[in-house]
Amino acid sequence: MNAEPNSISIKPLGIEIAIGGLAAVGAGFFTNPIDVIKVRLQLQGELAARYSYKKIYKNTLHAGYLIAKHEGVLALQAGIVPALYFQVVLNGIRLGIYNWAKDHEFITNKKGNTAVFSTVIVTGTCGCIGAVLGSPFYMLKTQLQSQSAQSIAVGYQHNHAGTWCTFKSLWKEGGIAALYRGWYANIPRLFVGSATQLTAFGLAADWLHSMQVLTDQPILLTFAASLIGGSCVALTIQPFDVLATRLYNQRVEPGGKGALYNGLLDALIKIFRTEGVTGLYKGLFPTWMRIAPHTVLCLVFYEKLDQLYDTFRTNVTKA
């Protein structure tokens, strides 16, 4: 993530993937509480007309307060284990391949700046791959985050005993098919989100570099560029984020069929018809509160880990 691509020492793809996964784990610890709040707000009033239901959670701050009051402060870290596993899979692939492709000039133009079309295709495709491979972790993360005290419950309550117990239960129920139920739910979310986030980040970094802003402070440059990228993705990802939350959290009938939605298009139509456009934008503010800091932390951690790796490798070489 350095400001000057030509100065990057090229690393093996495996190292890039490892750094990306580790950076994402660090970011995930800080942003998971707001993710819990986001999921609750997105499930509130599911398939109910606007104003036809009583809002348990009035806004982001109120939701955080109620969760802490009724379930304890630690409930704001619900689903943290599968959430971090998902981050390792998703961002290990996304960030690792993004930086590897950037190092090899596959997604840059002749001037070394971000090539928009190739960056969108590469990062969007990597987001889709991460979405599919990490689908079981995302499904369980969502279901654990929605699981709450009865007095403030929204959405279907799966009543899981824990991460490992649930994985074993799903495996006994239907093996790989059960673990990957709804595997498609996150594909549009992460194609759009990944492409927007990393393309906007690259363009912002190029612009700051061309303006000679923070060129001698790569960490601050990464911070500024990633804040722009994170803010952009919050606006584009929201409807797809709501769809993913609803599809992964819905009750499943015998045979594995969803009780409420038959797929992405069916979910989109039903939400739009019953809840209107606003239904697809439920939880927009906490989405921004999560994704913008997560983008910043993830890319800044990547930059720092990248520097540490280069320093370590230089010292080993000298020795």
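This is a predicted model: local features need pLDDT of at least 70, side-chain atom pairs count only at pLDDT 80 or more; totals for chains, interfaces and linings use all residues.
**View 1**
By class, the lining of the largest pocket has ten nonpolar, five polar and five charged residues.

**View 2. The second largest pocket, with H5 and H6 in its lining.**
The volume of the second largest pocket is about 230 Å³. Its lining comprises 14 residues. Nearest the centre lie His-158, His-160, Leu-170, Glu-173 and Arg-181. Helix H5 (135-146) and helix H6 (163-179) each contribute at least two residues to the lining. H6 provides the largest share, five residues. Six nonpolar, five polar and three charged residues make up the lining of the second largest pocket.

**View 3. Gln-157 in the loop between H5 and H6.**
Gln-157 has a relative accessible area of 16%. That value is under 20%, so Gln-157 counts as buried. Two backbone atoms lie close to its side chain in polar contacts. One is the backbone nitrogen of Ser-148, which the side chain of Gln-157 reaches at 2.8 Å. The other is the backbone oxygen of Val-154, 3.1 Å from a polar atom of the Gln-157 side chain. Setting aside neighbours within four places in sequence, Gln-157 is in contact with Ser-146, Gln-147 and Ser-148.

Notes
Residues are numbered from 1 along each chain as its sequence is written. Side-chain values use heavy atoms; hydrogens and water are left out. Ala, Val, Leu, Ile, Met, Phe, Trp, Tyr, Cys and Pro count as nonpolar, Asp, Glu, Lys and Arg as charged, and the others, Gly among them, as polar. On a 1 Å grid over the protein atoms alone, a cavity is a set of points where a 1.4 Å probe fits but cannot get out, and a pocket is an open set with protein on both sides within 12 Å along at least five of seven lines; lining residues have an atom within 4 Å of a point. Grid points are joined across faces, edges and corners, and a volume is the space filled by probe spheres set on the points. Helices (H or I, at least four residues) and strands (E, at least two) are DSSP runs, numbered from the N terminus. Buried means under 20% relative accessible area, exposed over 50%, partly exposed in between (1.4 Å probe, protein chains only). A polar contact is a pair of N or O atoms within 3.5 Å; within protein, one must be able to donate a hydrogen and the other to accept it, and residues adjacent in sequence count only if both atoms are side-chain atoms. Contact means heavy atoms within 4.5 Å.
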